[in-house]
Amino acid sequence: TCPDEARKVASEAKKKYPIVIAGGGDGTVNEVVNGIAGSDSAIGILPFGSGNDFAKALAYPRQFNESLQVLTKQQIKSIDLGSIEVINSDLEKKNKHFINFAGIGLDAEVANEAGKILWARGLAKYAIAAMKVLFRYKAESSTVSSLEFKSEGRHLLISIGNGKSSGGGFYLTPQASLDDGWLDVCMAKDLSTSEILKIFPFVLIGKHARFKKINMKRTKKLVIKSQTNLPVHVDGEVMGLDIREISVEVVPLGIKIL
């Protein structure tokens, strides 16, 4: 009935049940994950949401009865989990887990706008939100640091994928694997509107790495710092619009899934 309620319910459920089912989209899955993370309980999914990107990453069927068949087989495996800590402009800290995606910049602004669109679903919802945000969002200067790479300058977006897609079908990290112990990172430097419109169709098929202002990397841990406010989302849920520092790392095989 309200944000964060599913996490609280799942946190109680994990004390009694070995399996907790998330009926909803990526946001509901994220709340259940945060409720059961660190326990022996496994998560199952009934994909009722708008995007269902994580369910797609697992090749879950979209039909209700077929999803039930997946759950009743009770085949459990462990997959990686993401962990994120953010510090906002008031120096307040927040911590969360994510199972599919964390995004900084344009894609977080799109997630925020998509939350206001109630009449559309799936990829169409996020595409409409992207078109609304595209002409007003300005890339902010930030520094991205990890053991494997460093990037400085005006980043339009920094997308960190455990899964392959977000926003209902934007394949920002198409080579990502859920159980390889790594996070895939897509960074887009300060693109003009015409450049974004040129690249946009290629993101839908995961072929955008061919463009010179797109950098694809892999890491186990990274830190992002900015002197100005950055929007941040995890699994499509906005964590904040005024974030100044972000620390992200992988938790190898950190959660059980049906």
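Helices here are DSSP runs of at least four residues, numbered from the N terminus. Keep that in mind as we walk through this structure, which is a predicted model. Helix 2 is followed by Gly38, a residue with a positive phi, near 90°.

Now let's step back and look at the whole thing. The protein chain has seven helices and 11 strands. Its C-alpha atoms fill a box of roughly 50 × 35 × 35 Å along the principal axes. With 258 residues, a compact globule would have a radius of gyration near 18 Å, and the chain's 17 Å agrees with that. Of those residues, 51% count as buried.

How far can you trust the picture? The pLDDT averages 93 over the protein chain, and 100% of the residues score at least 70. Confidence is highest in strand 3 (residues 77-88), with a mean of 98, and lowest in helix 6 (residues 122-134), with a mean of 85.

Next, the charged pairs. Side chains of opposite charge can pair when their charged atoms come close. This structure holds 11 salt bridges. One of them joins Arg136 to Glu109, with the closest N and O atoms 3.9 Å apart. Arg136 sits in the loop between helix 6 and strand 6, while Glu109 is in helix 5, so to speak a link between distant parts of the chain, 27 residues apart. Arg136 is partly exposed because its relative accessible area is 44%, whereas Glu109, at 16%, counts as buried.

Lys132 and Glu113 make another salt bridge, at 4.0 Å from N to O. Lys132 lies in helix 6 and Glu113 in helix 5, so this pair ties together parts that are 19 residues apart in sequence.

Elsewhere, Asp180 pairs with Arg218, the closest N and O atoms being 2.5 Å apart. Asp180 is in the loop between strand 7 and strand 8, Arg218 is in strand 9, and 38 residues separate them. Asp180 is partly exposed at 26%, and so is Arg218, at 39%. Salt bridges with shared partners also join Glu109, Glu113, Lys116, Lys132 and Arg136 into one network.

Finally, the surface and the cysteines. Leu123, Leu204 and Ile205 make a nonpolar surface patch of about 240 Å². Ile205 is in the loop between helix 7 and strand 9, and counts as exposed because its relative accessibility is 56%. As for disulfides, a search of the whole structure finds zero. Cys2 is partly exposed at 46%, while Cys186 is buried at 1%.

Methods. Residues are numbered from 1 along each chain as its sequence is written. This is a predicted model: local features need pLDDT of at least 70, side-chain atom pairs count only at pLDDT 80 or more; totals for chains, interfaces and linings use all residues. Side-chain values use heavy atoms; hydrogens and water are left out. pLDDT is the predictor's confidence in each residue, from 0 to 100. Helices (H or I, at least four residues) and strands (E, at least two) are DSSP runs, numbered from the N terminus. Patches are made of residues with over 30% relative accessible area and no salt bridge: like charges are joined within 9 Å, nonpolar side chains (Val, Leu, Ile, Met, Phe, Trp, Tyr) within 5 Å. Accessible areas come from the Shrake-Rupley method with a 1.4 Å probe; for residues, only the protein chains shown count as cover. A salt bridge is a side-chain nitrogen of Lys or Arg within 4 Å of a carboxyl oxygen of Asp or Glu. Buried means under 20% relative accessible area, exposed over 50%, partly exposed in between (1.4 Å probe, protein chains only). A disulfide is a pair of cysteine sulfur atoms within 2.5 Å. The radius of gyration is taken over C-alpha atoms; the globule rule is 2.2 Å times the number of residues to the power 0.38.
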